[in-house]
Each structure stands twice: as structure tokens, then as C-alpha cells.
Amino acid sequence: MVKDILDDVKNRMQKSVQNLAKDFATIRTGRANPAIFDNVKVEAYGTEMPLNQVATISCPEPRLVVIQPWDRTNLGAIEKAILKSNLSLTPNNDGNIIRIQIPELTEERRKEYVKMIKQKAEECKVAIRNIRRDGNDMVKDLEKSKEISEDDAKSALDEIQKITDKYVAEVQSMTDNKEKEIMSL
């Protein structure tokens, strides 16, 4: 029973950290990265579709993204979707493919991105703490209903705290690395 609670806490915290990693991947760092287009939706075939489902996205050079649509009739829609996104990128359509030069980030923009990643990291830490609280409440309920002993409850609460500390440290490490990546370019 306690093991199930610990496993649940671990899995939920891990998912929070994975979501943060996905969020971080979509933040532009001044280097070409196909993941920055993960949230771009293209109006194609009468519906909104993720860009990576209508085109191949590659980065042949550190500051160049090439988008090759599978159907050339979607070129205009892809271009429009990129312009509409909040990526501040200008697509260059040559009739076959779209090229996007990734500009250097200004100091001001870098600071905005650092503020954004710190905010996302804090949201993730809050989610992890909420998961800890849920786990602690479940353990305390088991103790109240006499399903586990006081000693078992204490060791379970200690284990939940260790798991929490581990994931909070992982979030902090990811945040520090992303900040270095943004500020060092």
C-alpha cells in the first residue's frame, strides 16, 4: 500500500519534470532547434495540425532551420503559422522549402527568456510540492485508519521528502543548464 503511494508520487513527479523538459525545448536559444516549432499549428486539410505532421524540420547549420513540406500546397499555410506564432522568426519561402535564419538573441531578449524559464521551473516545483502534499495526505490517512503503523508512516513520509528533494534538485539543475545555454550564446 505504501509502496503504491511512493510509486505514484515518483511517477507524477517524473511526469512534471518531463513536461518541464518539453517546455524548455520549445524556448529559443539562438541556435537552430526543431523543437522550437513543437507548438506551431498549421491550418492544413481543413484542420489545425502540428507543423511536424505536415513537414520535415531540419537544421543543416547552427543558425538555419529548413522546413520541407510533404505537400507543397501547404507552404503558404506553414509560412503563415510561423509568422503567427510568438517565435519572432521570419520564414523565407522559395516555392519548394522554407528557410528560417535564427538571429542572435539580444541581451534584453535573453533576460526575458531566463525569466520565462525560471517561472516555468517554479511552476514545476510547485506541482512537485503539491504531489508531495497529496502523497503525505494519503500516508497520514492510512495511519489514521490504522492500516499502517506510526513508524511505517514516518518512514514513508521521509521517503516522500527524499523523492521530492531529488526532483526539485533535478528541476534546478535543468533550469541552471538552460540559463547558461541562453546567456552564453
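Buried residues (under 20% relative accessible area, with a 1.4 Å probe and protein chains only) account for 38% of the 185 residues in the protein chain. The model is predicted: local features need pLDDT of at least 70, side-chain atom pairs count only at pLDDT 80 or more, and totals for chains, interfaces and linings use all residues. Residues are numbered from 1 along each chain as its sequence is written, and side-chain values use heavy atoms, with hydrogens and water left out.

**Fold and overall form**

- The protein chain has four helices and six strands. Helices (H or I, at least four residues) and strands (E, at least two) are DSSP runs, numbered from the N terminus.
- Along the sequence, the pattern reads α-β-β-β-β-α-β-β-α-α.
- The radius of gyration is 22 Å, well over the 16 Å that the globule rule gives for 185 residues, so the protein chain is more spread out than a compact globule. The radius is taken over C-alpha atoms, and the rule is 2.2 Å times the number of residues to the power 0.38.
- The C-alpha trace spans about 70 × 40 × 25 Å along its principal axes.

**Contacts, surface and charge**

- Of the contacts (heavy atoms within 4.5 Å) with a separation of 6 or more, 64% join residues 24 or more positions apart.
- The accessible surface comes to about 10,700 Å², and carbon and sulfur atoms hold 48% of that surface. Areas come from the Shrake-Rupley method with a 1.4 Å probe; for residues, only the protein chains shown count as cover.
- There are 31 positive and 32 negative side chains, and the centres of the two sets lie 4 Å apart. Lys and Arg count as positive, Asp and Glu as negative; His and the chain ends are not counted. Each charge is placed at NZ of Lys, CZ of Arg, CG of Asp or CD of Glu.

**Helix α3**

- Helix α3 covers residues 107-144, which is 38 residues. From first C-alpha to last, α3 reaches 55 Å, close to the 56 Å expected at 1.5 Å a residue. The expected span is 1.5 Å times one less than the number of residues.

- A121 sits in helix α3 and is buried, at 3% relative accessibility.
- Beyond its neighbours within four places in sequence, A121 contacts L20, F24, V171 and T175.
- A121 and W70 are 51 residues apart in sequence and 36 Å apart in space, C-alpha to C-alpha.
- Q119 also lies in helix α3. At 49% relative accessibility, Q119 counts as partly exposed, a class that lies between buried and exposed (over 50%).
- Q119 and K41 are 78 residues apart in sequence and 24 Å apart in space, C-alpha to C-alpha.
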